[in-house]
Amino acid sequence: MKLTRPISRLFSTHTKTQKSERVTSNPSSLKPIKELHARLIRTHLYTDPSSISEVIKFYALSPPTLSKAHFVFNQIQRPTLLVWNHMIRGLSQSDQPSEAICFYNRMYHRGLAGDNLTLIFVFKACARVSDIVQGQKFHVHALKLGFESYVFVSNALIHMYAACGDLVFAKRVFDKMSNRDLVSWNSLICGYSQCNRFKEVFVLFKAMQAANVKADGVTMMKVILACNYLGEWETADSMVEYIEENHIEIDVYLGNTMIDMYGRRGLVYLAQQVFDTMRKRNIVSWNAMIMGYVKVGILVTAQKLFDDMPTRDVISWTSMITGYSQANQFTEAVRLFKEMMVAKVKPDEITVASVLSACAHLGSLDVGESVHDYIRKHGVKADVYVGNSLIDMYCKCGVVEKALEVFQEMKTKDSVSWTSVISGLAVNGFADSALDLFSQMLREGVQPTHGAFVGILLACAHAGLVDKGLKYFDSMEKVHGLTPEMKHYGCVVDLLSRSGNLERAYEFIKKMPVVPDVVVWRILLSACKLHGNVVVAEIAKNKLLKLDPCNSGNYVLSSNTYAGSDRWDDVIKMRELMQESNVQKPFGFSSIEVNGTRLGRTRQDCFRLVNIK
């Protein structure tokens, strides 16, 4: 039963943005501007637009001094177009891009139409706030002023429309361009990529090649990203060849996308080569590598990368915790989560779902409860995946009351939620509650799953409700359109066998439309031991020794069945057959938790300790 979500959201490649042209605000560059500003104030030229223009430009393009630019600008009675452009440009790049739109409208209403640079800046502002209405209005201004023929203006328009999700207008602007440069192609390609129109990305790239326009790192990043989403690995490999043949620099953005591409395919050695050759890496690079190694199960290397990381974020920790959990190394998953808490990194819903899954498998109730408390106290998003993981953890730890409490508190439930709580109740002996909840699920119009029927058949088996269980089994296909699977047939055999109807169980097996597996025969043999039915036991034994001759459990069960009927000669024969077949009994394993640390020991370890003493 899958309770945790996929972790594909842990890595994503974003559009490479152009480096900001803002002026850095270090004290050495600020000092001469302040001196110039002071001199203009002393000479009463601070209201003269041509004199104060350089001061406004510096203040507007430096985030810490943007408010000063506002103050200086407001002292000018008649700002020139250059001064307006400085302000619009600065605001379009700031965390207040909508203010750039307001400034443009103020300027326009004062009778200044603006120039090509003004429109470029304001289109970028519209793109950042996804304001297509204002963008279309300014597009009309560009047409009236004759600026649409300017390549840079058209590029800004394409970017604006694409950022607002209107690819039809973006493509229309692109098609009307008489001259296009690399930025024109990249702007449209990025637009299609951001709107998940990946097939069109391939079409555009082919058209770009036909036009003899050489791609750059941005182009290649978007094409390889499209390959990642569509699984077009042959195309991805040809793109890598294109990069090598054209000596395209692999920057951090392209490098991360290539690492992700190889990681998705399990080609971690090629991902490692890209990682090793990158001059600059960021946290996404490290996370992508870790996820690549986790995917192929090489957790030792993933852990080494994790340990070597300069900085770690929640994705780094979650990738490792999920990796250990998926590899059934649940103790390591819990250990790492505890380290994450010590490092004061706030987990997200994926982290807690993964560690709760580990706690469920370990039966580590105290850690699971601590995670639950953390979710409540620190406002971790308790979505349906987290809720399902909590239900599963509490059920597997035997605390059904808390599982029900979590279930009742969940605002949104899916089929897994219902299945988990019904199965948990059934396994823990609360058959009546499981049956009631199944009936409630049907009343609420929730379509039962194969897993839900496993739970309800188990409940009927534990409660001895043979007829009711058979009725539920028949309804699977007739009422709910679900074809029974092997596990459902096994549940019915268990249902009949537990109640002592061994011959009926055997007849059911013979009529199964699928060939029964070893589990079905083992259920029957176990019930024969319980009820002392040697005749049916021998039938089940012969089937098991034929299907699974190397499993010691089959021999032990058969031997115990004979022993229960005082057929000691057959007991000896089974033990001799086991020795002749060289079947080894697996060593038992026990574990206890001491001060938060799980200690385990096999029976073999105990023998070694005795021999040492």
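**Close-up views of a predicted model**

View 1. The structure is a predicted model, where local features need pLDDT of at least 70, side-chain atom pairs count only at pLDDT 80 or more, and totals for chains, interfaces and linings use all residues. Residues are numbered from 1 along each chain as its sequence is written, and side-chain values use heavy atoms, with hydrogens and water left out. Helices are DSSP runs of H or I, at least four residues long, numbered from the N terminus. Among the buried residues of α24 are Trp418, Val421, Ile422 and Leu425. Their cover includes α22 (384-396), α23 (400-409), α25 (431-443) and α26 (450-463). Cover here means contact, with heavy atoms within 4.5 Å.

**View 2. Helix α24 runs from residue 415 to 427.** From first C-alpha to last, α24 reaches 18 Å. That is close to the 18 Å expected at 1.5 Å a residue; the expected span is 1.5 Å times one less than the number of residues. At the start of α24, a side-chain oxygen of Asp414 comes to within 3.1 Å of the backbone nitrogen of Val416. After α24 comes Gly429, with a positive phi near 90°.

**View 3. Asn328 sits in the loop between α18 (314-326) and α19 (330-342).** Asn328 is not a glycine, yet its phi is positive, about 65°. Asn328 is exposed (over 50%). Its relative accessible area is 55%.

**View 4. Lys344 sits in the loop between α19 and α20 (349-362).** Lys344 is not a glycine either, and its phi is positive, about 60°. Lys344 counts as exposed, at 76% relative accessibility.

Notes: Helices (H or I, at least four residues) and strands (E, at least two) are DSSP runs, numbered from the N terminus. Buried means under 20% relative accessible area, exposed over 50%, partly exposed in between (1.4 Å probe, protein chains only). A polar contact is a pair of N or O atoms within 3.5 Å; within protein, one must be able to donate a hydrogen and the other to accept it, and residues adjacent in sequence count only if both atoms are side-chain atoms.
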